[in-house]
Amino acid sequence: MKGRTAMEVGADGVALITIINPPVNSLSLDVLQSLKENYEQALLRDDVKAIVVTGANGKFSGGFDIAAFGGLQGGKAEQPKPGMISVEIVTDTVEAARKPSVAAIDGLALGGGLEVAMACHARISTPTAQLGLPELQLGIIPGFGGTQRLPRLVGLTKSLEMMLTSKPVKGEEAHALGLVDAVVSPAELVKTARCWALDILARRKPWVASLYKTDKLEPLGEAREILQFVRAQARKQAPNLKHPLVCIDVVEEGIVSGPRAGLWKEAEAFQGLLHSDTCKSLVHIFFAQRGTTKVPGITDHGRVPRRVNKVAILGGGLMGSGIATALILSNYPVILKEVNEKFLEAGIGRVKANLQSRVKKGKMTQEKFERTLSLLRGVLDYESFKDVDLVIEAVIENVSLKQQIFADLEKYCPPHCILASNTSTIDLSLIGKKTKSQGRIIGAHFFSPAHVMPLLEIVRTKHTSPQVIVDLLDVGKKIKKTPIVVGNCTGFAVNRMFFPYTQAAMLLVERGTDLYQIDRVITKFGMPMGPFRLADLVGFGVAIATAMQFIENFPDRTYKSMIIPLMQEDKRAGETSRKGFYLYDDKRKASPDPELKKYIEKARSISAVSIDPKFVKLPEKDIIEMIFFPVVNEACRVFAEGIAVKAADLDIASVMGMGFPPYRGGIMFWADSYGSNYIYSRLEEWSRTYGEFFKPCTFLAERAAKGSPLSAPVEQGKSRL
């Protein structure tokens with residue numbers, strides 16, 4: 001079905017034009033063309049006095065159809081000529097119409113949806129409707145006149161904030177800002193809009209063309225100061241991104257040279273940004289994130305998720321309490337089990353603290369806090385487990401302890417109950433070895449802090465039943481996580497892909513690269529922190545335990561450096577002990593430690609390597625490649641072995657699990673911008689000089705030989721799943 005708009009003319013002489021393009025009434029080129037035709041029709045008809053624009057099924061419009069971007073970027077679809085939408089349709093047809101129009105907004109008016117609404121002569125909204133211009137999240141700017149109209153409706157400061165943060169406002173706030181003219185209930189919405197349109201016609205209400213409104217704009221000198229300030233902030237917050245600065249320039253053009261000039265500059269800038277790498281990367285991430293819940297052979301057989309009414313969590317430590325927080329925040333009743341009163345009290349205390357920090361930040365009312373906390377119950381035995389639908393085990397990483405727990409769970413939980421483990425390293429088949437319930441054992445690997453980090457790795461074994469996977473995908477969605485389904489192996493997808501990240505950094509340091517320089521370069525690339533600052537945050541205990549797993553399972557390609565063990569012997573444990581690769585003050589602020597030299601020198605002599613002048617002066621480009629290409633290499637193995645279903649899932653895993661910059665499109669997408677051949681030849685060259693750690697895997701060699709992208713699908717015969 002193509003999208004369209006429908007027009008009905010009432011006895012009152014008002015033409016109601018409805019946008020119809022499920023699910024969110026996005027503005028495809030068909031819809032926009034149909035809107036223009038219906039407008040022209042309404043202007044020609046004598047029985048039409050005024051116009052109301054609305055969206056079908058309680059949603060005004062979610063904005064321009066993002067699915068059309070791929071066609072436009074790849075040159076598969078015909079480009080609309082610059083200004084066709086923003087000038088010809090939105091400005092010269094909708095806003096310039098000789099008959100007044102009112103937008104009736106319910107649900108959402110985002111991006112192009114809000115831009116069409118702003119071109120109407122008034123806007124009526126429901127209290128819960130969301131209005132915003134989130135285009136910058138996709139690496140572009142508003143392209144249907146939003147950069148010109150929003151500042152004229154809500155003022156310069158607020159409009160820049162709305163565009164640069166991509167944050168929508170609700171109906172009530174939109175009314176206070178002057179973005180909408182009245183707020184009414186959904187039942188009254190269309191009726192009120194019709195009356196309002198007729199009132200404009202009778203001059204009882206003002207007839208306003210937003211594009212030429214000036215009362216909200218600051219005087220030129222003041223406006224320029226605001227723009228300067230916002231520009232400096234954008235440069236500081238997103239030094240690698242151009243499009244926020246382009247957005248500010250386009251807004252400025254409209255203020256300095258007039259709104260019509262602003263519209264043309266917007267149209268030209270929009271076209272340029274649409275073809276930028278940033279936009280392509282962010283659009284890829286947008287679809288990749290929505291695609292993680294589609295798992296071939298699992299979610300395409302019409303299975304319906306069972307209802308999970310009650311969840312039990314074993315272990316109230318950092319992970320257990322974080323998972324409990326995430327669940328009660330989404331209204332799941334939770335039982336938290338611990339081994340003694342003291343641990344239980346501490347666990348419940350952690351959940352309380354997590355919720356209290358939300359209250360402090362104004363994200364939660366005291367009443368909601370009490371209500372949410374009442375969903376949590378602490379216990380010391382399995383008595384109340386007889387009616388739970390899902391158990392998540394989050395105790396320490398100890399195989400025999402976990403095996404005992406799963407044997408107990410089989411006894412005390414109902415036969416349909418899903419038995420999940422939050423282990424990050426232990427093989428799940430091993431955990432369920434002493435049970436007869438292999439089919440309902442699954443990994444639910446959260447990232448720390450679990451109530452904040454958006455990723456959930458759902459780990460299936462050879463025995464996990466498809467129904468259980470579908471159930472857990474549903475829970476993941478309900479607790480607002482992005483779930484990815486992965487196969488069972490050491491480190492699963494995220495930790496396994498990124499184990500070479502820290503090891504590559506160690507290799508560089510032992511050969512003479514300054515470790516603080518590495519962290520600076522990696523942060524500048526766009527990671528939240530460099531590998532050494534990350535090791536401090538995670539703590540050396542965890543870092544060593546995880547490294548041991550990889551050394552044991554992938555001995556041929558691990559780089560064994562003694563830097564961390566040597567530091568740990570000396571009572572350095574990372575941030576918690578205030579001493580790691582950095583020194584930490586009371587406010588957890590990190591500063592370099594000159595004492596580190598002695599550990600590095602000692603590690604160097606154990607590894608029998610000497611300082612190489614090439615590494616001392618390693619250019620930024622080489623630091624990035626030597627640290628990330630081994631990650632790409634491991635990601636290729638994960639993909640080739642069928643641990644991940646599709647390359648896009650690894651992109652999401654890298655962005656949401658490790659903070660890889662989304663504007664680079666994720667690890668595999670980014671790698672494809674270099675080409676398989678280049679990555680292969682670099683790794684091959686390093687492995688000849690610096691050892692097996694860099695050796696490119698077979699998959700990478702095959703793709704390089706064919707010159708095919710790394711993210712092209714794997715022939716299914718090889719998949720482990």
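Helix axes here are lines fitted to C-alpha atoms over the stretch in contact, and angles run from 0 to 180 degrees between N-to-C directions. With that in hand, here are some exercises on this predicted model.

**Exercise 1. Describe how helices H19 and H20 pack, and name the class of their angle.**

Step 1. Two packed helices are described by the angle between their axes and the distance between the axes.

Step 2. For H19 (residues 494–510) and H20 (residues 515–525), the angle is about 140 degrees and the axes are 9 Å apart.

Step 3. Angles over 145 degrees count as roughly antiparallel, and those from 65 to 115 as roughly perpendicular. H19 and H20 are therefore oblique to each other.

Step 4. On the H19 side, Tyr501, Ala505, Leu508 and Val509 make the contact, and on the H20 side Leu515, Ile518 and Ile522 do.

Step 5. Sorting the residues of this contact between H19 and H20 gives seven nonpolar, no polar and no charged.

**Exercise 2. Classify two of the aromatic pairs in the structure, which holds 31 of them.**

Step 1. Start with Tyr382 and Tyr412: their ring centres are 4.9 Å apart and their planes stand at 10 degrees, so this pair is stacked.

Step 2. Now place the two residues. Tyr382 sits in the loop between strand E12 (376–379) and strand E13 (390–393), while Tyr412 belongs to helix H16 (residues 399–412), so the pair ties together parts that are 30 residues apart in sequence.

Step 3. Check the accessibility of each. Tyr382 has 12% relative accessibility and counts as buried, whereas Tyr412, at 40%, counts as partly exposed.

Step 4. Turn to Phe629 and Tyr674. Their ring centres are 5.2 Å apart and their planes are at 85 degrees, so the pair is edge-to-face.

Step 5. Phe629 lies in helix H26 (residues 620–640) and Tyr674 in helix H28 (residues 667–674), so parts that are 45 residues apart in sequence are tied together. Phe629 is buried, at a relative accessible area of 0%, and Tyr674 is partly exposed, at 31%.

**Exercise 3. Work out whether Lys310 counts as buried or exposed, and list its contacts.**

Step 1. Find Lys310 in the loop between helix H12 (277–291) and strand E10 (311–314).

Step 2. Buried means under 20% relative accessible area. Lys310 has 17% relative accessibility, so Lys310 counts as buried.

Step 3. Setting aside neighbours within four places in sequence, Lys310 is in contact with Pro333, Ile335, Ser384, Asp387, Val388, Asp389 and Leu390.

Definitions and conventions. Residues are numbered from 1 along each chain as its sequence is written. This is a predicted model: local features need pLDDT of at least 70, side-chain atom pairs count only at pLDDT 80 or more; totals for chains, interfaces and linings use all residues. Side-chain values use heavy atoms; hydrogens and water are left out. Helices (H or I, at least four residues) and strands (E, at least two) are DSSP runs, numbered from the N terminus. Angles under 35 degrees count as roughly parallel, over 145 as roughly antiparallel, 65 to 115 as roughly perpendicular and the rest as oblique. Contact means heavy atoms within 4.5 Å. Ala, Val, Leu, Ile, Met, Phe, Trp, Tyr, Cys and Pro count as nonpolar, Asp, Glu, Lys and Arg as charged, and the others, Gly among them, as polar. Rings of Phe, Tyr and Trp (its six-membered ring) pair if their centres lie within 6.5 Å; planes under 30 degrees apart count as stacked, over 60 as edge-to-face and the rest as tilted. Buried means under 20% relative accessible area, exposed over 50%, partly exposed in between (1.4 Å probe, protein chains only).
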